[in-house]
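Biologist: I would like to learn how to read this model. Please take me through its features one by one.

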Amino acid sequence: DGSTVALGPLLAGLEVGLKRAAGQPAPTVEAPIDPLYAVTIAEVLGTSFLLARDGDGSRATLGPGGCWDDVDDPQNYTLLGPPSPIPDAIANGAMDGVLLGARLAQAPTPLADLLRGYYRTGNSTEEGRPPSSYRRRDFGVLTGPGKLEEEVAAMLRVLRVLPPTRELLEDVGPEEVVAIARQAARDFTEVYVECPAIVPRCMWGARPYRGTPRPLTLPLGSVYIHHTSTPSAPCRTFAACARDMRAMQRFHQDTRGWDDIGYSFVVGSDGYLYQGRGWHWVGAHTKGYNSKGYGVSYIGDFSDALPDPDTIALVRDELLPCAVRAGRLHRNYTLRGHRQMGHTDCPGNSLFREIETWHGFK
């Protein structure tokens, strides 16, 4: 489905789910702790923020993402920056471990069926998103920041008495344990639940940028909504969306003569956003206004039809609020359709009527 999942926390969550379904008792520990969260996310999340508490702020606590060396035949995975204990693959594996472990505990299912159905492996149809593309939303519904904070705090109390980690917590009082757990839960929720997943350029097989990119001055004050028109059909799988991204980049570079694909971000109907120029570089999406705002384009022609409701929400309810919280977009940003800035029908009549109802539209 285009995401990368660490197997350790995934398999640990499945094991807890199977044991619960079989009626096996959970291990007895002093602190009230849910084993499903302990083996997937609570221990590594607590440890990550515990290790960072005395540093100078340079130690990463979450992320980064990464890329495989080949889109069609991946062999080697490389992180895109300094590693934390919770790179994106660990976060994905942990969320999937919680979700699938909880599902197994309620209704035991053959693991092959469970995993194929969740990730839609071997699914050659274009109908519907795989359930895994909803992992952030579903994890947030099941867990919530309060539950996550409670589990991290409980895990830190357990780590205080275990020999490998006892030393780390010798000078950490009960109030600081609560503060660490609160920070860890809040940051994880902001990054992995409230913000959408963005497929990096190297994952969809982007060519290099031609020339030298110009940096944006953040925060920006505007967002411009587009549709691609060509490709005219929404893409509903990672493979299809990645192909569309490569086709658009070839057209923009080879036919239009631009340095790169023009959009800042592109929206697939597979549940993922795709990085174009990204957060920090001037795009080529809205003539005369490229340095003033981000250009966000939906894949497909939306003159007569709308994107799926979930695909609309990906930008309206997730990307834009996330950009504001991260300081990349002004809180009082202005949102406009491409047609308001030049002679074009973009983003199509149906999508334009939709964005007229969004926050910030003028």
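Modeller: Start with the record. The unreviewed UniProt entry annotates residues 196-342 as "domain: Peptidoglycan recognition protein family". Positions follow the numbering used here, feature names are shortened, and annotations may be inferred rather than shown by experiment. The model is predicted: local features need pLDDT of at least 70, side-chain atom pairs count only at pLDDT 80 or more, and totals for chains, interfaces and linings use all residues. Residues are numbered from 1 along each chain as its sequence is written, and side-chain values use heavy atoms, leaving out hydrogens and water.

Biologist: What are the helix and strand percentages over residues 196-342?

Modeller: Helices (H or I, at least four residues) and strands (E, at least two) are DSSP runs, numbered from the N terminus. Residues 196-342 are 27% helix and 21% strand, with end C-alpha atoms 29 Å apart. The protein chain has twelve helices and eight strands.

Biologist: At what angle do helix 1 and helix 3 pack?

Modeller: Axes are lines fitted to C-alpha atoms, for helices over the stretch in contact; angles run from 0 to 180 degrees between N-to-C directions. Helix 1 (residues 7-21) meets helix 3 (residues 88-106) at about 15°, axes 7 Å apart. That makes the pair roughly parallel (under 35 degrees).

Biologist: What is the C-alpha span of the protein chain along its principal axes?

Modeller: The trace spans about 70 × 45 × 40 Å.

Note on methods: Parallel < 35°, antiparallel > 145°, perpendicular 65-115°, else oblique.
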